[in-house]
Amino acid sequence: MASPMRSLLADPDRYLQSFRLFLERSTEHQCMQEFVERQLPGVIASIGNGKSTINVLSIGGGAGEMDLQILSKIRARYPEATINNEVIEPSADQISKYKERVAQASNLENIKFTWHKETAYEYESRVNAEKKTKKWDFIHMIQMLYYVRDIPATIRYFHSLLESQAKLLIILVSGKIFVAGKHCGRSMGLPSLWKIFALMFPLLICQGCWIQLG
């Protein structure tokens, strides 16, 4: 009897190889870049109002390609602010590549980086143990919810860490994008995920996209 197929999630290196191949053969990467260029500026329009420091938390930041694009938009919107960017990433190899990317970049003035080699669950456990809950102005989860044990609980926890004008951004491999504020949310598709939080966030749909509220 043939052995059952092993999940890609149990083999991070094989998963990364498969995911890179997927990106090469799909429009996923283009979709994310279009979102960053066209819609992210509106998402972050108020996260740093009146602040000298903006705190950004990247959950599953990988090698940092999308992170640096996001940070460039935040920096462009708030050029005088210091940006504290903390990265939660369980792969040492990905963190190493992220650091190399930062070292080679030339437009990261006023951005401070901190890396934590841990999962989202380990981050939550560590913060709870330290009893030093930190609030964030922008939290993003790009292609990482597949790894968590309890998706609703994970989203609920990180949503609870948002400052009053902050945003939580979630992007999944299907090209679906979800943005939640402290008191509202929007999405570009994510029907099953949205159902989970239908009572948490008000909903407004326009031409297939979710319109940001508040």
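These are my notebook entries on a predicted model.

**Overall make-up**

I started with the secondary structure. I counted eight helices and nine strands in the protein. Next I looked up burial. Of the 214 residues in the protein, 44% are buried. Then I turned to sequence separation. I took the contacts with a separation of 6 or more, and 68% of them join residues 24 or more positions apart.

**Helices H4 and H5**

I picked one helix pair to describe. Two packed helices are described by the angle between their axes and the distance between the axes. I looked up both values for H4, residues 65-77, and H5, residues 92-104. The angle is about 40 degrees, and the axes lie 10 Å apart. Angles under 35 degrees would count as roughly parallel. H4 and H5 are therefore oblique to each other. I also noted the handedness: H4 passes H5 in a right-handed crossing.

Which residues make the contact? From H4 I listed Glu65, Asp67 and Leu68. From H5 I listed Tyr98, Arg101 and Val102. I sorted the residues of this contact by type. Three are nonpolar, three are charged, and none is polar.

**Nonpolar cores**

In soluble globular proteins, nonpolar side chains tend to be buried together. I looked for such groups here. The largest nonpolar core has 27 residues. Which of its members touch the most other members? They are Leu40, Ile70, Ile74, Phe113 and Phe138. H4 gives the largest share of this core, with five residues. I also found a second, separate core of 21 residues. Among its members are Ile88, Met144, Leu161 and Ile170.

I followed isoleucine 70 further. I left aside its neighbours within four places in sequence. Isoleucine 70 is then in contact with Val36, Leu40, Phe138, His140, Ile142 and Leu169.

**Histidine 140**

Histidine 140 lies in strand S4, residues 136-142. Is histidine 140 buried or exposed? Its relative accessibility is 2%, so histidine 140 counts as buried. The cut-off for buried is under 20%.

What does histidine 140 touch, not counting residues up to four places away in sequence? I listed Val56, Leu57, Ser58, Ile59, Asp67, Ile70 and Leu169. Asp67 is also one of the H4 residues in the contact with H5.

**Positive phi in loops**

I then checked backbone angles at residues other than glycine. Asparagine 110 is not a glycine, yet its phi is positive, about 70 degrees. Asparagine 110 sits in the loop between H5 and strand S3, residues 111-116. With a relative accessibility of 42%, asparagine 110 counts as partly exposed.

Lysine 131 also has a positive phi, near 55 degrees. I placed lysine 131 in the loop between helix H6, residues 120-130, and S4. Its relative accessible area is 74%, so lysine 131 is exposed. The cut-off for exposed is over 50%.

**Serine 96**

My last entry goes back to H5. Serine 96 has its place in this helix. How exposed is serine 96? At 35% relative accessibility, serine 96 counts as partly exposed. I also looked up one C-alpha separation. Serine 96 and tryptophan 115 are 19 residues apart along the chain, and their C-alpha atoms are separated by 9.8 Å.

Technical notes. Residues numbered from 1 in each chain as written. Predicted model: local features only at pLDDT ≥ 70, side-chain atom pairs only at ≥ 80, totals over all residues. Heavy atoms only, no water. Axes fitted to C-alpha atoms, helices over the stretch in contact; angles between N-to-C directions. Helix = DSSP H or I, 4+ residues; strand = E, 2+ residues; numbered from the N terminus. Parallel < 35°, antiparallel > 145°, perpendicular 65-115°, else oblique. Left-handed = near helix turned anticlockwise from the far one by under 90°. Contact = heavy atoms within 4.5 Å. Nonpolar A, V, L, I, M, F, W, Y, C, P; charged D, E, K, R; others polar. Core = buried A, V, L, I, M, F, W, Y, C linked by side-chain atoms within 4.5 Å. Buried < 20%, exposed > 50% of the residue type's maximum accessible area, 1.4 Å probe, protein only.
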